[in-house]
Amino acid sequence: MRFSPIKVATTLSLASLAAAELVEVYYNVSYALANPDGLFERQVVGVNGTWPPPPLDVGIYFNKTSQYDGAPGINQCGIPFGQSLTYEVPVDLQWGTYWWHSHVGRQYVDGLRAPVVIHPAVEAHAYDEEYTIILSDWYHEQQTVLIKQFMNIYNPTGAEPVPDGAAIYVAQGGTYLPGFAENATISFEAGKTYRLRIINQSAFAMFYAWLDGHDMTIIEADGTDTEPYAVDHVALGVAQRYSVLVTAKNNTDSNYVFQALFDSTMFDTVPDDLKINYTIPVQYRATAPYAVQETRDTLGMTMDNLLKPIIVEEQLVADRTIELGVYFDTFSDGINRAAFNNITFTLPQVPSLFTELSMGNDSSNARIYGEQTHAYVLQKNEVIDLQIINWDANSHPFHLHGHKYQIVRVAQDVSSSDPLLNPPHTEGAANPMRRDTVVVPAGGHIEWHLEAGLAVVFVEAPTEAQELLTIPQVMKDQCEMLGIASTGNVAGKNSTTNFHGEAVGPFPQKNGWRPRAIGALAGTILAALVGMAAVVWYAFGGQLDVEDIADEVRREIAAKKDGGLIKRNVVKGFRAMKKSS
């Protein structure tokens with residue numbers, strides 16, 4: 001195994017430059033046992049012997065600290081078994097609701113994920129108290145088992161593993177409240193205003209969420225403070241976060257529930273025993289009865305493109321356009337894979353950041369990062385019009401590390417002439433919404449899809465990066481321990497032409513008639529014609545002896561040429577098919 005999944009120690013040092021404060025936390029990544037859905041206790045990947053990993057009430061923003069972004073194969077090699085690494089991250093450029101998670105093998109799906117809340121000096125909205133509500137899908141099988149079932153030739157449609165349930169829990173003030181889902185309790189006091197930070201930490205599932213009996217107002221999405229926007233529910237794709245304000249009732253005669261529903265339409269099959277609806281009690285008085293549980297007539301995507309950031313930023317003027325088409329199909333290895341522009345992502349042998357910092361003037365050559373890494377080189381301050389076209393039947397969330405998108409256009413059907421479904425691409429928006437995770441509609445993180453190859457790499461400002469960034473020696477040493485080169489191109493060579501050892505493929509299958517198929521079909525037709533001729537001839541009293549059969553076979557073989565048949569005048573058709581292939 002390339003990266004060790006357990007017993008990895010990390011120290012996280014978070015420094016706020018404005019407050020000159022240093023916060024240090026120590027994580028010992030190791031196995032634990034957990035049973036959050038109350039149905040099955042299983043082994044999970046936790047921190048310091050517990051699960052879920054502890055929430056953080058500080059922040060992480062990777063600006064000029066890309067080496068600490070934590071994505072193995074892209075920003076580092078990984079932390080070897082028994083080793084440790086200190087992440088040193090200044091915190092002075094962002095605030096809001098975030099989360100951290102592992103990108104190593106099975107760890108994310110098996111539980112190594114936790115919320116991060118960053119508090120600014122002055123909040124944009126006033127409230128009395130806050131809770132962080134974590135929504136996530138939950139599997140009873142280990143990820144190593146599930147991935148073999150998913151990435152398999154016997155799963156030709158690419159059906160993702162359906163979760164066995166949900167893990168839903170609550171944090172406040174840097175600690176978790178006792179219990180999961182209906183066994184946890186959120187306490188409300190009459191008249192107070194509460195901020196509910198809602199995070200989807202799933203591997204696959206999307207959730208709809210709301211609080212019965214109360215009005216909700218969005219005030220933040222993915223760390224961007226927004227003008228108040230009233231909603232009756234929020235839809236959260238994987239990695240998305242919303243903060244909503246809720247004002248408690250003055251009447252404390254009833255208690256209520258916070259509801260979270262799987263979007264079960266994205267599951268290929270819905271098992272009869274799969275629970276769809278989960279609740280967290282919201283309690284005014286322990287002795288008060290609970291109000292009748294509500295339903296929603298319509299559940300749909302949250303129109304995040306209608307949100308308005310409080311800090312105004314005009315739409316940027318694009319320097320170039322990158323179009324990424326989302327496809328799922330069977331590739332040359334017989335496995336259904338995901339791809340952008342027909343390229344399914346494969347991790348490079350050398351982390352892309354290490355390649356960028358070690359290849360000098362050649363670091364602006366996208367080829368050195370690997371064909372299957374699907375790298376785009378961006379220059380400093382270059383503005384990209386990133387158009388993601390989803391050709392799949394399901395909606396998909398897309399997350400961008402270290403940046404926030406400006407959402408400037410959302411189309412429900414890019415092939416439609418209806419401007420409501422396919423609005424024109426316009427410029428000059430006064431203040432488009434900004435967030436780091438967007439959900440692209442069907443026809444317009446998931447962890448399983450990342451495993452299936454749905455990723456690209458943006459290599460930013462190579463010249464400036466070489467001047468500003470330095471890879472710590474401990475990271476290079478850990479690469480050596482793992483047998484990974486820490487310099488050179490995708491294959492560890494200081495070359496723009498020698499890529500020996502680079503992982504290549506799989507590739508999209510080539511549809512249509514291939515030469516071997518044409519030859520096989522021609523042979524089948526030939527055999528059928530010979531057989532039919534023999535039957536007709538025999539019906540008129542003819543008889544065949546061994547010499548007659550041998551002569552007939554020799555004549556047919558001589559007549560067959562280039563995979564086609566001169567007999568029956570079909571040779572031209574077969575030759576045409578060969579040329580078109």
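**Salt bridges and their surroundings**

A: In this predicted model, A171 lies opposite Y176 of strand β9. Strand β8, residues 165-172, pairs with β9 in the antiparallel sense over 2 bridges. Both belong to an open sheet of 7 strands with mixed pairing, ordered β9-β8-β7-β11-β16-β13-β14. The edge strands are β9 (175-176) and β14 (224-231), each of which pairs on one side only.

The salt bridges may now be considered. Side chains of opposite charge can pair when their charged atoms come close. The count of salt bridges in the model comes to 21. One of them joins D232 to R296, with the closest N and O atoms 3.8 Å apart. D232 lies in the loop between β14 and β15 (234-236), and R296 in the loop between β18 (277-283) and β19 (320-330), so this pair ties together parts that are 64 residues apart in sequence. D232 is partly exposed, at a relative accessible area of 42%, whereas R296 counts as buried because its relative accessibility is 18%, under the 20% limit.

A second pair consists of D333 and R337, whose closest N and O atoms are 2.7 Å apart. Here D333 is partly exposed at 31% relative accessibility, while R337 is buried at 16%.

E371 and R367 also meet in a salt bridge, at 3.5 Å from N to O. E371 is partly exposed, with a relative accessible area of 44%; R367 is likewise partly exposed, at 26%.

Finally, salt bridges link E123, E130, R195, R197 and E220 in a network.

Note on methods:
Residues are numbered from 1 along each chain as its sequence is written. This is a predicted model: local features need pLDDT of at least 70, side-chain atom pairs count only at pLDDT 80 or more; totals for chains, interfaces and linings use all residues. Side-chain values use heavy atoms; hydrogens and water are left out. Two strands pair if DSSP finds at least two bridges between them. Helices (H or I, at least four residues) and strands (E, at least two) are DSSP runs, numbered from the N terminus. A salt bridge is a side-chain nitrogen of Lys or Arg within 4 Å of a carboxyl oxygen of Asp or Glu. Buried means under 20% relative accessible area, exposed over 50%, partly exposed in between (1.4 Å probe, protein chains only).
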